[in-house]
Amino acid sequence: MELWGFFEKLKEKLSYLENIRIETYNTIEQAINNAKVEKPIWNRVDNVVVVLVDLKNSTQISNRKTKRVYAKFLEYTGYPFVKISKSFGSEFIDIKGDGGISLFSGEYAEIKAFLAAKTFKTFQEEYVREKFKNKYGVNLSFGIGISKGDLLVKLIGQRGDDKFFVWAGNAINNAALISKNVKRFSNKTVIGIDENIYNVLNQEKFKNYLVISCGCLKGENISPWKKYYTKKKSNFKYYKIESDWCKKHGEKHINAVLKIIENY
């Protein structure tokens, strides 16, 4: 490699950054379809809800176990995350090793995103975590962050196969921040949501299904949600929940919420 000549060509290639601009689209699909490598344009979509799932202690797990065992962990993350997200209307899903993102937009995007996240959490707790803990001595748990805001997307790389979608903006940044914060609370999977999403869940028509518990766990109808502030942004408020769908009422609550959003 001719290092300095290579650097000069790379610098020349990046000269387009002086002309970079933002174009706004109405839907995630439009933004994705119009994302181009060769154009100095980032595509923006407003009011997108991001679900970001990240495996806790992934580096330790990877170092302690064989690659075959670690691959099993990733399969138990990836396939359920994709299948469940799609079932609740996700418009874009991306798996990055031991985590992933799922994007929702449009009416009741906040509700669909939360239903997907809590369903994924419940599956992991009911069918995955104890299995791997007993068989491999590993606690498989996740930090799940959900946030709503603007989102930017661009294809980065070069023409051909070497190009990748890159996402940026408040929605994904805050979802990542929440995901990182909620990992500290429990050895189980924890969900954190920003205040805007919590306010939607807390609407009168949804709160008895998504905010107030059915009462089976502690014998009374209380809210299992707790309010916190992130360490890095002292003014950034979010709410976290550790409970799963109730075996007796979970399916009923999901279907009741889906019926509400389908009729509006």
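**Pockets and aromatic contacts in a predicted model**

At least two residues of the lining of the largest pocket come from each of α5 (109-136), α8 (204-210) and α9 (250-262); helices (H or I, at least four residues) and strands (E, at least two) are DSSP runs, numbered from the N terminus. The model is predicted, so that local features need pLDDT of at least 70 and side-chain atom pairs count only at pLDDT 80 or more, while totals for chains, interfaces and linings use all residues. Residues are numbered from 1 along each chain as its sequence is written, and side-chain values use heavy atoms, with hydrogens and water left out.

On a 1 Å grid over the protein atoms alone, a pocket is an open set of points where a 1.4 Å probe fits, with protein on both sides within 12 Å along at least five of seven lines; lining residues have an atom within 4 Å of a point. The largest pocket holds about 600 Å³ of space, a volume being the space filled by probe spheres set on the points. Its lining comprises 29 residues, and S213, L217, P224, S243 and D244 lie nearest the centre. By class, 13 of the lining residues are nonpolar, 7 polar and 9 charged (Ala, Val, Leu, Ile, Met, Phe, Trp, Tyr, Cys and Pro count as nonpolar, Asp, Glu, Lys and Arg as charged, and the others, Gly among them, as polar).

The second largest pocket has about 410 Å³ of space. Among its lining residues are L10, Y16, V37 and R159. Strand β5 (142-157) and helix α1 (3-13) each supply at least two residues, and β5 gives the most, with 4.

The structure also contains 18 aromatic pairs, in which rings of Phe, Tyr and Trp (its six-membered ring) have centres within 6.5 Å; planes over 60 degrees apart count as edge-to-face. F73 and Y136 form an edge-to-face pair, with 6.1 Å between centres and 75° between planes. Because F73 lies in helix α4 (residues 67-87) and Y136 in helix α5, this pair ties together parts that are 63 residues apart in sequence. Both F73 and Y136 are buried, that is, under 20% relative accessible area (1.4 Å probe, protein chains only). Together with Y76 and F132, F73 and Y136 form one aromatic cluster.

Charged side chains also meet rings. The charged end of K118 sits over the ring of W245, 4.5 Å from its centre; this requires NZ of Lys or CZ of Arg within 6 Å of the ring centre and within 35 degrees of the ring normal. K240 lies over the face of F185, 4.9 Å from the ring centre.

Definitions and conventions:
Rings of Phe, Tyr and Trp (its six-membered ring) pair if their centres lie within 6.5 Å; planes under 30 degrees apart count as stacked, over 60 as edge-to-face and the rest as tilted. Buried means under 20% relative accessible area, exposed over 50%, partly exposed in between (1.4 Å probe, protein chains only).
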